[in-house]
Amino acid sequence: MASQAVSDRIWTVPNLLSMLRLVGVPLFLWLVLVPEADWWALLVLAFAGLSDWLDGKIARAWNQTSRLGMVLDPLADRLYIFAALLGLVVRGIVPWWLMAILVLRDALILGALPILRYFGYGPLPVNFAGKAATLCLLYAFPLLFLAGYATLVGDVARIIGWAFALWGTALYWWAGLLYAVQGLRLIARTRRDDRADHPGARQVPADSDATRGPETDRTDPATPATADGSSAAAAERPGAPGRDQGHSGP
């Protein structure tokens, strides 16, 4: 991904596949809740998993990586996770606390986006732990649907499905912790670089006589400022990787 150019194109093959996956979310939820046509719902889920793998392959092979695709791809994954969880909870196959744990993690990640934006960063790129967690959960949900049938296949599916669900939940939160650490490091680096761009601004004790002198802690008014209040030098600094680069979310 780092070696490929990220474009602003919209109508690409990977983006079309991601859009089809998004259209499949309400269809999947309807199949699960209204007619309870589990096998058809599992086919929709299988298509979602196949298209998720395929659009990534096509984007890398045809150099069609785009900013829109980096948003649509993880968004579709999270919507399928939410839809499958909602269907499982409503039908009494899994307890509500599993859904609450996973939704809470996503809520915390979404709540951090305005903070990152304030410091000039977009959503963080999906890490390997997040991809592994999503894969485990998307394996778990079809098996848990099969676990609702009182057969030997259902019993085996229940064991394997819960193993994937618990492991995927743990990885999901571990990925969230990695996002938090990465975000804090980026913010700390930005603040450190901004202080380095203003070496004349220094902190002094409130009771010091220096607070009444000419070297008070303030930004040089000759330095132009950007819209978010940081100096123009900091905004144009090439050494701040990932700022305003449109990375996709976790």
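Buried means a relative accessible area under 20%, exposed means over 50%, and partly exposed is anything in between (1.4 Å probe, protein chains only). Keep that scale handy, because at 9% relative accessibility Thr169 counts as buried. What you're looking at is a predicted model, where local features need pLDDT of at least 70, side-chain atom pairs count only at pLDDT 80 or more, and totals for chains, interfaces and linings use all residues. Residues are numbered from 1 along each chain as its sequence is written, and side-chain values use heavy atoms, with hydrogens and water left out.

## The chain as a whole

The chain has 7 helices and 0 strands. Read from the N terminus, its elements go α-α-α-α-α-α-α. Helices here are DSSP runs of H or I with at least four residues, strands are E runs of at least two, and both are numbered from the N terminus. The chain has 250 residues, and 40% of them count as buried.

Now for contacts, meaning heavy atoms within 4.5 Å. Take the contacts in the chain with a separation of 6 or more: 77% of them join residues 24 or more positions apart.

Two packed helices are described by the angle between their axes and the distance between the axes. The axes are lines fitted to C-alpha atoms, for helices over the stretch in contact, and the angles run from 0 to 180 degrees between N-to-C directions.

| Pair | Angle | Axis distance |
|---|---|---|
| Helix 1 and helix 3 | about 10 degrees | 9 Å |
| Helix 2 and helix 3 | about 160 degrees | 11 Å |
| Helix 3 and helix 5 | about 30 degrees | 10 Å |

To put words to those angles, under 35 degrees counts as roughly parallel, over 145 as roughly antiparallel, 65 to 115 as roughly perpendicular, and the rest as oblique.

Let's start with helix 1 and helix 3, which pack at an angle of about 10 degrees. That makes helix 1 roughly parallel to helix 3. Sorted by class, their contact has 17 nonpolar, 5 polar and 3 charged residues. In this sorting, Ala, Val, Leu, Ile, Met, Phe, Trp, Tyr, Cys and Pro are nonpolar, Asp, Glu, Lys and Arg are charged, and the others, Gly among them, are polar.

Next come helix 2 (residues 38-61) and helix 3, at an angle of about 160 degrees. That makes helix 2 roughly antiparallel to helix 3. Their crossing is left-handed, a label used if the near helix is turned anticlockwise from the far one by less than a right angle (clockwise would be right-handed). Val44, Leu45, Ala48, Asp52 and Asp55 in helix 2 meet Asp73, Asp77 and Tyr80 in helix 3. The residues of this contact split into 4 nonpolar, no polar and 4 charged.

Then there's helix 3 (residues 67-90) with helix 5 (residues 128-146), packed at an angle of about 30 degrees. So helix 3 is roughly parallel to helix 5. Helix 3 passes helix 5 in a left-handed crossing. On the helix 3 side you'll find Asp77, Tyr80, Ile81, Ala84, Leu85 and Leu88, which meet Thr134, Leu137, Leu138, Phe141, Leu144 and Phe145 in helix 5. By class, this contact has 10 nonpolar, 1 polar and 1 charged residues.

Asp106 sits in helix 4 (residues 96-118). Is Asp106 buried or exposed? With a relative accessible area of 17%, Asp106 is buried. Leaving out residues up to four places away in sequence, Asp106 touches Arg78 and Tyr172. The side chains of Asp106 and Tyr172 also make a polar contact (2.9 Å). A polar contact is a pair of N or O atoms within 3.5 Å; within protein, one must be able to donate a hydrogen and the other to accept it, and residues adjacent in sequence count only if both atoms are side-chain atoms.

Back to Thr169, which lies in helix 6. With residues up to four places away in sequence not counted, Thr169 touches Leu98, Ile101, Leu102 and Leu137.

Helix 6 (residues 152-196) also holds Tyr179, which is buried with a relative accessible area of 3%. Tyr179 and Pro125 are 54 residues apart in sequence, and 8.7 Å apart in space, C-alpha to C-alpha.

Finally, visit two loops. Glu36 is in the loop between helix 1 (13-33) and helix 2, and its phi is near 55 degrees, a positive value in a residue other than glycine. Glu36 counts as partly exposed, at 43% relative accessibility. Asn63 is in the loop between helix 2 and helix 3. Asn63 isn't a glycine, yet it has a positive phi of about 55 degrees. With a relative accessible area of 46%, Asn63 is partly exposed.
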